[in-house]
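Here is a short note for a first look. Please have the sequence and the structure open as you read.

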Amino acid sequence: MELEAMVLKFPLSFKRLIPKTPPSPIRLGFRKLSASSSPTTLQSALLGHSTRPDFPILDQTVNTSKLVYLDNAATSQKPTSVLNALQTYYQTYNSNVHRGIHWLSAKATDEYELARQKVANFVNSTGSGEIVFTRNATEAINLVAYSWGLDNLRAGDEIVLTVAEHHSVIVPWQIVAQKTGSVLKFVSLTEKQMPNLEELKEILNSRQKTKLVVIHHVSNVLGSVLPVEEIVGWAHDVGAKVLVDACQSVPHMEVDVKTLGVDFLVASSHKMCGPTGVGFLYGKSEVLGSMRPFLGGGEMIVDVFLEHSTYAEPPSRFEAGTPAIGEAIGLGAAVDYLSGIGMKSIHKYETELANYLYESLCSISKIEIYGPKPSETLFRAALCSFNVNNVHPTDIATFLDQQYGVAIRSGHHCAQPLHRYLGVSSSARASLYFYNTKEDVDTFIAALKETISFFTSFQGIFSEEAAAAVQSLLLVYAKDDLASLCLWFDDIKKHKDMHWIDVLHLADTPDLNITGLMLNLISNRMDLGVSRLLAIVVELFVSKWIPMYQSGVASCSG
Ligand SMILES: Cc1ncc(COP(=O)(O)O)c(C=O)c1O
C-alpha cells in the first residue's frame, strides 16, 4: 500500500472492537473558534465580497465548518459563467472542431478559435497564431523541451534555471539535457530567499554558453516576483531564449508578453478560474514557425503520404488530435470573467490581501515564513509557505481541514529542490485569490493558532522508547512482515504510555475526528504527518492483525 494514498478511515465494524475505557485526558472543544475579528479594513475590500456569489462552491459546509478555501495556487475555483459555458457547449453545440461542415461543428470551431483569440488578447500577443492550446502548463513546457530543445541544444550548451522552479519546469529540461548533453545551471537564492539575480547575470555573461533561461514569474512557494523584462534583456544580449512559467502570475496580474519580450510563456487554465484539462503556450511566431511538431496525428498535418507527411502552420502544428474543446471554450469564458473585473483591480486587491496574510502570520510565534518580506520585493503574491517549529505541516493541514473547514496545502508543492535548499522537506501553504476576504484570513489565523496550541500540548508526552517502537512498526509495515508484526505488538504493549488501544480509543473520541495527535513527536522524527502515521497503525490493525489473530496464526497474545 502506498503511504501517500492512504486515507484515514475507521470502518464501522472496527469501532465496535474498541473497548470503552475512559478516554485519555485531551483538550476538547476546538471546533468553535473564538475568531477575534480585527478592525483592519482593506482599501478594495469589496472585491472579495462582491465576487464571492459568483463561486457557489465557496458557500458550503465542510467537516461541519464553513469552507475557507486557501489552496488557490494549486487550483482556483470556477465562477458560474465558466460552468455555464461548459454546460452550453456540451448541451447545445458539442461537436468536433475544424473537420465538420455541419452547423454544430462550425459553431464549435468558431467558439474554440474565439477562445484562442481571447487568450491572445489577454496576454497581449500579436495574434492567436502564437497561442497553442495544451493540456496544461506542464505539457506546454514539454512541448518546448521536445520541439525546440532537442533541435536547438548541443552538448555543452547551458540551460539556466533557478532552484525555486516547479518540478514541471525542471524535469523536462533534465530529460532534454540527458538526451543532448546540454547542462543545467541553477541560480541559488539570496539571504532574503529570492533567486539571486546577480548570480544569474554572472552565469549568463561570464560563460556565454547559455542557450535558454527557464524561470518562473511568481514563485508558488516563496511568493516572490522576478523582473522578467530585465532578465529577458540580459538573456537576449547573450543570444539565449527565455521561457517563463507564468502559472502563478497570469491568473493574478496583467501579463503582457510584448512588454516582457519573452520567447515562450506558459500557464494553466485551472489556476485562472477556467476548467482543468487545458493550458496554453505562447510562443513568438517566428520561433514557433521554426519548430518541429511535438506530437503527430490528425489536425496537425497538411498532407499525409505513406512514407512522410507535411505539417500545418502553428498553432495547429502543435495540436495533434481532438483538443479539449469545451475546456478551451471554458477558458475563454474565464478570461472574459477576469477581464470583466480587471486584472489591475485583482492585482491591487490581492497585494493588500497578501500583506495582510503575511503580517497576520508573523503574529504567530515559532513560525518561519519562506520568501522575502513584502517590503523586500516589488510585491508579494498572496500566498505564504511556512513551517511552525515542531509541528508537522501535514498535521497543520489535516487539523485545519477536519476541525475548521480551512483548506490549505502541505507538502513540497512540487518544489522539492527548493525545499531541500531551504533545509526542510515540506511546508504548509495558504494561497489566496481575489474571492478570498480578510475574514477568511482571520478565520485561518485563529484556526492555525488553535491548531498549533493543540499539537504542541502533546509534545514530549511519549518516551523515546515508545517513539522507537512505532518507528519499528513502520519498518515492519514497509516489509509486510507478519512475524515481526507480532513481535512489535508484544513489544508495544510493554510501553504503558503507548498502549495501542488507548491510541485507537483517542481516535474514537467524538469531539475530535482527527487521530494520532499523540504521535506528533514520532511523526516529526519520521517526517510523516501524525494522521498518516496513525492511519498506518489502524490499517495494520484492521487488515492484518485482526484476521491473523482470529485465524489463530498469531502467536502473540492480545
Ligand atoms: C509555478 C507553477 N508552475 C507550474 C505548475 C504546473 O501546472 P500544471 O500542473 O497545471 O501543469 C504549477 C502548478 O502547481 C505551478 O504552481
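The points below take up a helix and its surroundings, then a helix pair.

1. This is a predicted model, in which local features need pLDDT of at least 70, side-chain atom pairs count only at pLDDT 80 or more, and totals for chains, interfaces and linings use all residues. Residues are numbered from 1 along each chain as its sequence is written.

2. Start with helix α8, residues 228–237. Its buried residues are Val228, Ile231, Val232 and Ala235 (buried: 20 or more other C-beta atoms within 10 Å of the residue's own; exposed: 12 or fewer; C-beta atoms are placed from the backbone). They lie on the same side of α8, because they cover an arc of only 100° around the axis (the arc of the directions from the helix axis to the C-beta atoms).

3. The face turned away from that buried side carries exposed residues: Glu229, Gly233 and Asp237. The cover over the buried residues of α8 includes α7 (197–207), β7 (210–216), β8 (241–245) and α9 (257–260). After α8 comes Gly239, with a positive phi near 80°.

4. Now turn to α12 (residues 343–362) and α15 (residues 438–456). They pack at an angle of about 15°, and their axes are 10 Å apart. That makes α12 roughly parallel to α15 (angles under 35 degrees count as such).

5. Which residues in α12 and α15 meet? Leu353, Tyr356, Leu357 and Ser360 in α12 meet Lys438, Val441 and Ile445 in α15. By class, this contact of α12 with α15 has five nonpolar, one polar and one charged residues.

Notes: Helix = DSSP H or I, 4+ residues; strand = E, 2+ residues; numbered from the N terminus. Contact = placed C-beta atoms within 7 Å. Axes fitted to C-alpha atoms, helices over the stretch in contact; angles between N-to-C directions. Parallel < 35°, antiparallel > 145°, perpendicular 65-115°, else oblique. Nonpolar A, V, L, I, M, F, W, Y, C, P; charged D, E, K, R; others polar.
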